Amino acid sequence: MRSDTAWGSIPDLVRAAAERYADDEAVVEGRTRVTYAELGMRVERAAAACLANGIEPGDRVGIWAPNSLDWIVGALGAVSAGAVLVPLNTRFKGAEAADVLRRSGARLLFVTGTFLGTSYVASLRRAAGDGPGTGPLPGLPALKHAVVLSEDAPAGFLTWKDFLAGGEGVGTAEVRDRSAAVRGTWPSDIIFTSGTTGRPKGAVITHDQTLRAYDIWGDLAGLTRGDRYLIVNPFFHTFGYKAGVIACLMRGATMIPQPVFSVNTVLANIAAERVSVLPGPPTLLQSLLDHPARDAHDLSALRLVVTGAAVVPLRLVERLRGELGIGTVLTAYGLSEASGIVTMCRRGDDLTVIASTSGRAVPGTRIRVVDPEGRPLEPGLPGEVLVRGFNVMSGYYEDERATAEVLSPDGWLRTGDVGVLDAAGNLRITDRLKDMFIVGGFNAYPAEIEQLLGLHPDVADVAVIGVPDARLGEVGRAYVVRRPGALLTADDLIAWSRREMANYKVPRTVEFVAELPRNASGKVVKGALRKRVTG
């Protein structure tokens, strides 16, 4: 498969952007302002350091850090050295991060220092400090080097400055030869996405797929040179890294990474940096509109908003256009297994189409809605959404069984989402076959949360569902059967959960029950649990 773009690989894109947009601002981070030419040089330095540390084409490189200039440079440097990027969710706890690093066989890791009061290095040491390996984390024997993206690092870890200095002995010609050798058909990244079995699975995506998908995204969104793009969506997700960093490189837009979602910071950044592009989940946009200090900030430069798969209330679209004067508001739908993009609205679509659907299949992609036997359904009838096209992953990393469960021999991807197509081909997501719910833009998978809660010594049985929440859209509610004699309280279990899992996975409420409703085959009847919420 060819990318059908002007670039043969992501390192090719980085070099082209550095030349074409040389004097344009590429990244703004506080007082630091980096042009595209300077960004290109920084990426080459990072690639040289990767070579100096023994990274070979195809090696996996993990990155566990919030949005920042160093994330961009480290990630693009690794990919330019021919490595396969493995971004880790910043909400992960140490054990969750160590599991992904272990299963991907990552040889190099970029990790943040202290973030939101948590030492990521300390949490990794607790989870993977013991084992047969000889690297910085013996519990991860494949990991040879770990780089802390700060000025300080504990013994066995490199600082960002020392890592870059290690590459000074690698010549520019060697770095460029390595980058030029990268092929579009090679994997560019592995995005680990939790599945309903509770075991994260890594979707393998190539350079060609990434470049073609986000060239299309940039065209449909209308992203242009000179746009100033506030990237609040986390880089570990395709919405942040690919619809953000990659798309900006393609169009010469300025990236303004924001590491933590804060409405006050968003408002300040939009006003100070004259932000024109702000993709994000509906919760971000709603909180922006409702902020009491909104009128004290100049938001007049905003012209483009793109939001995710959640259905957007018509009133929200009307307010974005009417109150903020945003000319283009678009909705889209995607999943990691399909390069993060499947459908998207078009500029000029009616407001009701934008608010009630996720748009139509992007060029080069086909979608079907099918019944349980796999037969295509007529428009208006709900069924499972299937996707086929250039954007569909080659499979889950080293997991043939899981791949076979979702990919048909002729290339159709089972999304696990229930949707309805209208006569014009617009897709509306109505439910999730596998009970996933979305917490403030983060996908939460009940089976994974249930598996973690089941580790508590006082929990005999548990089921989790998503329930409506005014601020986050949906949150988890756990129905728990205590072990005999246990005195576990809801507050105890929630506090324990906050120590053991990413915050968005933590149930906000817990209800204790004598037993869970199950069908004849022993499966929990979650519909019965949902009726307890809705009455």
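Two strands count as paired if DSSP finds at least two bridges between them. I took helices (H or I, at least four residues) and strands (E, at least two) as DSSP runs, numbered from the N terminus. With that settled, I looked up Val480 and found that Val480 stands opposite Phe512 in β26.

I note that this is a predicted model, where local features need pLDDT of at least 70, side-chain atom pairs count only at pLDDT 80 or more, and totals for chains, interfaces and linings use all residues. Residues are numbered from 1 along each chain as its sequence is written, and side-chain values use heavy atoms, with hydrogens and water left out.

**Entry 1: around β25**

I followed β25 to its partners. Strand β25 (residues 473-482) has 7 of its 10 residues buried (under 20% relative accessible area; exposed is over 50%, partly exposed in between; 1.4 Å probe, protein chains only). β25 is therefore largely enclosed by the rest of the structure. Strand β24 (residues 459-469) runs antiparallel to β25, and 10 bridges join the two. The link from β24 to β25 is a hairpin through 3 residues.

With strand β26 (residues 509-512), β25 pairs in the parallel sense, over 4 bridges. Helix α16 (residues 490-500) belongs with β25 and β26 in a right-handed β-α-β unit. Right-handed here means that, with the strands pointing away from the viewer, the path from the first strand over the helix to the second runs clockwise.

**Entry 2: the sheet from β14 to β17**

I then listed an open sheet of 4 strands, in the order β14-β15-β16-β17, with mixed pairing. β14 (304-307) and β17 (360-361) stand at the edges with a single partner strand each, so one side of each has no neighbour in the sheet. β14 runs parallel to strand β15 (residues 328-333), and 4 bridges join them. Leu304 stands opposite Thr328 in β15.

I also looked at the loop between β15 and β16 (343-344), where Ser339 lies. Ser339 is not a glycine, yet its phi is positive, near 60 degrees. Ser339 is buried, with a relative accessible area of 0%.

Ile354 sits in helix α13 (residues 351-356). Ile354 counts as buried too, at 0% relative accessibility. Leaving aside neighbours within four places in sequence, I found Ile354 in contact (heavy atoms within 4.5 Å) with Val317, Arg321, Val329, Leu330, Thr331, Cys345 and Asp349.

**Entry 3: helix α10**

Which residues of helix α10 (residues 263-273) are buried? I listed Val263, Val266, Leu267, Asn269, Ile270 and Glu273. Seen down the axis of α10, these buried residues fall within an arc of 165 degrees, so they line one face of the helix. The arc is that of the directions from the helix axis to the C-beta atoms. The buried residues pack against β1 (25-29), β2 (32-35), β12 (228-231), β13 (254-257) and α11 (282-290). Arg274 follows α10 and has a positive phi, near 55 degrees.

**Entry 4: salt bridges**

I searched the whole structure for salt bridges (a side-chain nitrogen of Lys or Arg within 4 Å of a carboxyl oxygen of Asp or Glu) and the count came to 27.

Glu273 forms a salt bridge with Arg33, with the closest N and O atoms 2.7 Å apart. Glu273 lies in helix α10 and Arg33 in strand β2, so the pair ties together parts that are 240 residues apart in sequence. Glu273 counts as buried at 10% relative accessibility, whereas Arg33 is partly exposed at 41%.

Arg251 forms a salt bridge with Asp215, the closest N and O atoms being 2.8 Å apart. Arg251 lies in helix α9 (residues 238-251) and Asp215 in helix α8 (residues 207-221), so this pair ties together parts 36 residues apart in sequence. Arg251 is buried at 13%, and Asp215 is buried at 16%.

Asp295 forms a salt bridge with Arg294, at 3.6 Å between the closest N and O atoms. Asp295 is exposed, with a relative accessible area of 68%, but Arg294 is buried at 11%. I found both in a network of salt bridges that links Asp290, Arg294, Asp295, Arg315, Arg319 and Glu323.
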